[in-house]
Amino acid sequence: MPTTRTKALAPAALALLLAPLATACSGSAGAAGSTTVTVTVGYQSKTINTVTAGTLLRSLGYFEEELAARGKKDGITYEVDWQDYATGAPITAQMTAGKIDIGSMGDFPLLINAVRGKELKQPTGLVSVTGYNLRGGLNTVVTAPDSKLESLADLRGKKVSTSVGSAADGTLVRALQRAGIDPSGGIEKLNQQPSVGASALQAGSVDALSQFVAWPGQLAYEGWAKALYDGAELNLPTFHGVTVREKFAKERAGVLDDFLRAQRRATDHLRAEPVAAAESVAKETGLPAEVVYLYNGANGIATFDPALRPELIDALKQDVAVLKDAKLVGDVDVDAFVDPEPLARVAAGTAEYPGAVAARPELWLKGQARTRSFDSPRELLKAARGADVRAAYVPDAVTGTLWFADKAVWVAEGPELRAFVTPAGAKAYVAAHQGSGARIVSFAEAGTLAS
């Protein structure tokens with residue numbers, strides 16, 4: 001069930017003649033001589049690469065601060081109604097019913113949001129991005145820890161849980177196609193909520209689970225799953241973004257600006273204080289901070305930047321074909337859906353955020369508010385030996401996807417130690433470097449070799 005919390009801000013008096021305008025946009029008339037406007041925001045607390053438009057933003061109170069300043073100027077009391085959902089689909093349903101003004105969701109759900117909004121006469125627009133990964137590493141296929149499955153090809157004829165219409169399902173479809181497996185008939189696909197699929201994997205009622213951030217990392221961290229396929233192998237961008245009802249954007253353009261300004265502030269905070277941000281999100285969601293940091297950290301899988309980057313919009317256009325094949329959408333006018341003007345207003349005169357950089361091995365020691373980065377996996381393992389480690393992270397040697405060092409598959413090649421997210425990735429590397437003596441080793445052996 002979604003949870004709802006409302007925060008009241010900046011009470012102020014306003015002439016009654018302004019009440020009709022306020023009530024037209026998620027607003028409600030208050031006592032005589034006053035007006036209240038409620039802005040309803042739909043978000044996904046546990047889809048943690050949306051935190052700058054959801055969980056983290058809410059905990060920091062930046063949107064409320066921006067609205068309080070606006071309220072002092074225009075004499076309106078602004079309230080924010082935060083509504084938490086597990087996926088993007090119910091957010092779209094509420095937006096098309098006129099009950100949510102601003103929402104955040106993944107790239108595939110955003111396309112469905114665009115189509116449903118147009119169909120139901122509540123058109124929406126994509127106005128910003130939260131977190132992205134240019135290779136697709138935010139989505140992962142996992143299996144049980146003791147599973148005999150070693151590669152995506154082993155999924156033929158198996159039961160796989162995913163959320164149809166999600167970015168994770170898009171990754172599964174594309175990965176199966178590349179492996180020569182018919183996504184519609186080559187596996188038995190179960191359309192399930194992430195939590196249901198996770199439970200099914202633990203119970204052994206499905207063979208694999210394809211899901212989006214942060215489910216794969218959480219399951220691996222808890223010892224309930226191991227990675228089978230790294231979405232970054234597709235080398236196609238994936239992201240989450242912010243969508244708004246067009247009617248709200250027109251009638252409350254200033255409020256939308258406030259939201260985007262607050263989102264940028266939350267992005268600044270996350271980039272400057274990634275450990276503190278991870279701890280905050282963990283407290284709000286109940287997720288382990290170590291898992292949050294895997295995705296949102298300084299070298300995390302997600303890069304946070306509100307900009308509507310051309311490569312992300314191009315990827316969104318490529319996603320349309322996958323949803324059309326699944327008969328979830330028809331044609332989608334992506335260019336018409338993308339609305340860069342509000343963010344351009346807010347970001348005018350500010351410096352652009354740095355783009356994604358190659359991840360580095362990173363060590364988080366217990367009791368420390370900062371992490372340490374290293375130039376190589378060997379250096380990280382050497383530093384971790386005998387230390388009080390909270391979490392150690394290493395990038396995949398090929399895809400660059402960050403993963404837990406003790407959950408990675410390790411390859412020793414002469415003096416070099418390389419980490420891989422999946423067994424298939426490690427085996428492919430060894431097969432391609434037979435003359436170098438490359439071999440798969442355990443995490444413990446890798447630690448010994450490093451020292």
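## A hairpin and the helix beside it

Strands β18 (409-413) and β19 (416-420) run antiparallel and are joined by 5 bridges. Two strands count as paired if DSSP finds at least two bridges between them. Helices (H or I, at least four residues) and strands (E, at least two) are DSSP runs, numbered from the N terminus. Trp-410 stands opposite Ala-419 in β19. The two strands form a hairpin with 2 residues between them. In the turn, Gly-414 has a positive phi of about 60°.

This is a predicted model: local features need pLDDT of at least 70, side-chain atom pairs count only at pLDDT 80 or more, and totals for chains, interfaces and linings use all residues. Residues are numbered from 1 along each chain as its sequence is written, and side-chain values use heavy atoms, with hydrogens and water left out.

Which residues of helix α18 are buried? In α18 (residues 443-450), they are Ala-446, Gly-447 and Ala-450. Buried means under 20% relative accessible area, exposed over 50%, and partly exposed in between (1.4 Å probe, protein chains only). Seen down the axis of α18, the buried residues fall within an arc of 100°, so they line one face of the helix. The arc is that of the directions from the helix axis to the C-beta atoms. The cover over these residues includes β18 and β19, along with α16 (377-384) and β20 (439-441).

## The five-stranded sheet

An open sheet of 5 strands has the order β9-β8-β10-β7-β11. Its pairing is mixed. β9 (188-191) and β11 (226-230) stand at the edges with a single partner strand each, so one side of each has no neighbour in the sheet. The twist averages 30° from one strand to the next. Axes are lines fitted to C-alpha atoms, for helices over the stretch in contact, and angles run from 0 to 180 degrees between N-to-C directions.

Inside the sheet, β7 (residues 139-143) pairs with β10 (residues 208-212) in the antiparallel sense, over 5 bridges. Val-141 stands opposite Ser-210 in β10. Helix α7 (residues 194-203) packs on the sheet and touches β7, β8 (159-162) and β10. Contact means heavy atoms within 4.5 Å. The direction of α7 makes about 150° with that of β10.

## The four-stranded sheet

A further open sheet has 4 strands, in the order β15-β14-β16-β17. The pairing here is antiparallel. β15 (372-373) and β17 (402-404) are the edge strands, each with a single partner, so one side of each is left without a neighbour in the sheet.

β16 (residues 389-395) and β17 are joined by 3 bridges. Val-394 has Trp-403 in β17 as its bridge partner. Helix α12 (residues 289-296) packs on this sheet, touching β14 (362-365), β16 and β17. Its direction makes about 25° with that of β16. α16 lies across β14, β15 and β16, running at about 170° to β16.

## Cavity and pocket

On a 1 Å grid over the protein atoms alone, a cavity is a set of points where a 1.4 Å probe fits but cannot get out; a pocket is an open set with protein on both sides within 12 Å along at least five of seven lines; lining residues have an atom within 4 Å of a point. Grid points are joined across faces, edges and corners, and a volume is the space filled by probe spheres set on the points.

The whole structure holds 1 cavity of 30 Å³ or more. The largest cavity has a volume of about 90 Å³. Of its 15 lining residues, Thr-171, Arg-174, Leu-236, Pro-237 and Thr-238 are the closest to its centre. α5 (107-119) and α6 (167-178) each supply at least two lining residues. The largest share, 4 residues, comes from α6.

The largest pocket contains about 550 Å³ of space. It is lined by 27 residues, with Gly-300, Ala-302, Thr-303, Ala-356 and Val-357 nearest its centre. α10 (253-272) and β13 (303-304) are the elements that give two or more residues to this lining.

## Backbone exceptions

The peptide bond from Val-213 to Ala-214 is cis, with omega near 5°. Ala-214 lies in the loop between β10 and α8 (215-221).

Lys-121 is not a glycine, yet has a positive phi of about 60°. Its place is in the loop between α5 and β6 (124-133). Lys-121 counts as exposed, at 70% relative accessibility. Lys-327 also has a positive phi, near 60°. This residue is found in the loop between α13 (310-325) and α14 (334-337). Lys-327 is exposed, with a relative accessible area of 73%.
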